[in-house]
Amino acid sequence: MKFKVNTDIALTHLTSRKKQTFIASLGVAVGIGIFIFMLSLVIGFNRKSDEGLFKSVAHIRIYQEDKISQPLIKSITKNYTTVIVNPKISNLSKTLINPEKIISDLKKQEDVTTVAPIVSVNLFYNNGKSQLNGIASGVNIIDANAMFDINSTMVAGDIRNLLTLKNGIIIGVGIANKLNLQLNDYLNVTSSIGVIKVMKVIGIFKTSNSTIDLTKSYINLSTAQQLVKQSSSYVTDIFLNVKNPDKAPNYVNYFSELSGYKAEDWQSANEQVMATKKTRGILLGSMSMAVLLVSGFGIYNIITMTIKEKINDIAILKATGFSGKDVINIFLKEALIMGIIGSLMGITLASIIINFVSGIYVGGDMGNFPIGFEKNIFILGFFMGIIITLGAGYIPARSAAKIDPIAIFRR
């Protein structure tokens, strides 16, 4: 019975001060709306960044790590002089030994989705007197497409033509623009060891990374092996994707032991990208939390003013048998109701803003503004609104519970 009475008293306080109740709820709504918008923006930007990155970067790369030459004679005792001559990189070949077995073992792993052998070739693209330096990836185009989704980036040509045309090449749009190349044109490529081949442009792609578009190309695995004068077993890298790219670092040690070579996750290989993502998250997250705290102070002020105005009523309630816990319960219910109303209004406000912003075309490789409706963020925003308002309401409610009715009546 007392629970219902407490609820009725809380509702009476709120309805008798409709304007203040609305203003407090509106403050929560603005805070929650901005909170949801900011976090959705962070997720949207991060997702867009990852999508662009994964068009050219695998989740995990397996390769032979360069090693520094070792001493000719190692130290035997402390007084023994170590003999070392010209300590430079001693690795003479980048090839992986028995890559077929490594690929077979990797494909058997439960969390691995795609495996692709790669031969990376540093070369020059030549068209007349024009020349660009870049990197060609020798691939099995079906495996590479499954990993990088090359087909979705194509602006001209068909990647399947690389299956039948041995001297075919798929180039980035930046290369095509710089060298004035179109589909079915020919260009000369020269590898770092001087091997020259005439290639036919069978496709042009465009990623969200201008550096890649200006340097990257795809050729057949066998053609890449010929450009570096190696046999058909020559493979410099093995790329693999896992089910959850965020967990890629967890697999590095295992895959390194399995293959016998260095394994590197995409986070370690792209520290600048990760730093940017972290900075973006901290910046926008701090701003949204600051707005939430401001809205919490609004609730705090409203409850505090209500307590001051209703101090005689509180004294009467305590004199008639209401305990301090009942007083806290009443004002917490007021905060809870304002929090629920404000959170629902905030979700509505965030939906309107996100729907509007997502339709804005920002141009370039970005396309439309990278933001969308994130279910988990909306749920988090709703409960954050309630938690903030309950926290803001508890402090003045606790003060009200300590009011001495006798001291009030003596005034």
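Me: Where does Lys 229 lie, and why is Lys 229 called exposed?

Reply: Lys 229 lies in the loop between helix H8 (221-227) and strand E9; helices (H or I, at least four residues) and strands (E, at least two) are DSSP runs, numbered from the N terminus. Buried means under 20% relative accessible area, exposed over 50%, and partly exposed in between (1.4 Å probe, protein chains only). The relative accessible area of Lys 229 is 63%, so Lys 229 is exposed. The model is predicted: local features need pLDDT of at least 70 and side-chain atom pairs count only at pLDDT 80 or more, while totals for chains, interfaces and linings use all residues. Residues are numbered from 1 along each chain as its sequence is written, and side-chain values use heavy atoms, with hydrogens and water left out.

Me: What is the phi of Lys 229, and what is the phi of Asn 98?

Reply: Lys 229 has a phi near 55°, a positive value in a residue other than glycine. Asn 98 is not a glycine either, and its phi is positive at about 55°. The place of Asn 98 is the loop between strand E1 (60-63) and helix H3 (99-107). With 42% relative accessibility, Asn 98 is therefore partly exposed.

Me: Why does Ser 191 count as buried, and which residues does Ser 191 touch?

Reply: Ser 191 has 3% relative accessibility and therefore counts as buried. Ser 191 belongs to strand E6 (residues 186-191). Contact means heavy atoms within 4.5 Å. Leaving out residues up to four places away in sequence, Ser 191 touches Val 121, Asn 122, Leu 123 and Leu 227.

Me: What makes Thr 114 buried?

Reply: Its relative accessible area is 14%, so Thr 114 is buried. Thr 114 is part of strand E2. Residues up to four places away aside, Thr 114 touches Asp 143, Ala 146, Met 147, Phe 239, Leu 240 and Asn 241.

Me: Why can the buried residues of helix H4 be placed on the same side of H4?

Reply: In H4 (residues 141-148), the buried residues are Ile 141, Ala 144, Met 147 and Phe 148. These residues cover an arc of only 125° around the axis, which puts them on the same side of H4; the arc is that of the directions from the helix axis to the C-beta atoms. The elements they pack against include strand E2 (112-127), strand E3 (130-139) and strand E9 (237-242).

Me: How many salt bridges does a search of the whole structure find, and what makes Asp 237 and Arg 61 one of these pairs?

Reply: The search finds four salt bridges. A salt bridge is a side-chain nitrogen of Lys or Arg within 4 Å of a carboxyl oxygen of Asp or Glu. The closest N and O atoms of Asp 237 and Arg 61 are 2.7 Å apart, and the two residues form a salt bridge. This pair links distant parts of the chain, with Asp 237 in strand E9 and Arg 61 in strand E1, 176 residues apart. Asp 237 is at 4% relative accessibility and so counts as buried, whereas Arg 61, at 31%, counts as partly exposed.

Me: Why is the contact between Lys 101 and Asp 105 called a salt bridge?

Reply: Their side chains meet at 2.9 Å, N to O. Both residues lie in helix H3, four residues apart, about one turn of the helix. Lys 101, at 48% relative accessibility, is therefore partly exposed, and Asp 105, at 16%, is buried.

Me: Which residues have the most contacts inside the largest nonpolar core?

Reply: They are Ile 36, Ile 299 and Phe 331, in a core of 32 residues. A nonpolar core is a set of buried Ala, Val, Leu, Ile, Met, Phe, Trp, Tyr and Cys residues joined through side-chain atoms within 4.5 Å. Two or more residues of this core come from each of H2, helix H11 (271-309), helix H13 (324-357) and helix H14 (375-401). H2 gives the most, with 10 residues. Ile 36 is in contact with residues including Ile 347, Ala 350 and Phe 378, its neighbours within four places in sequence aside.
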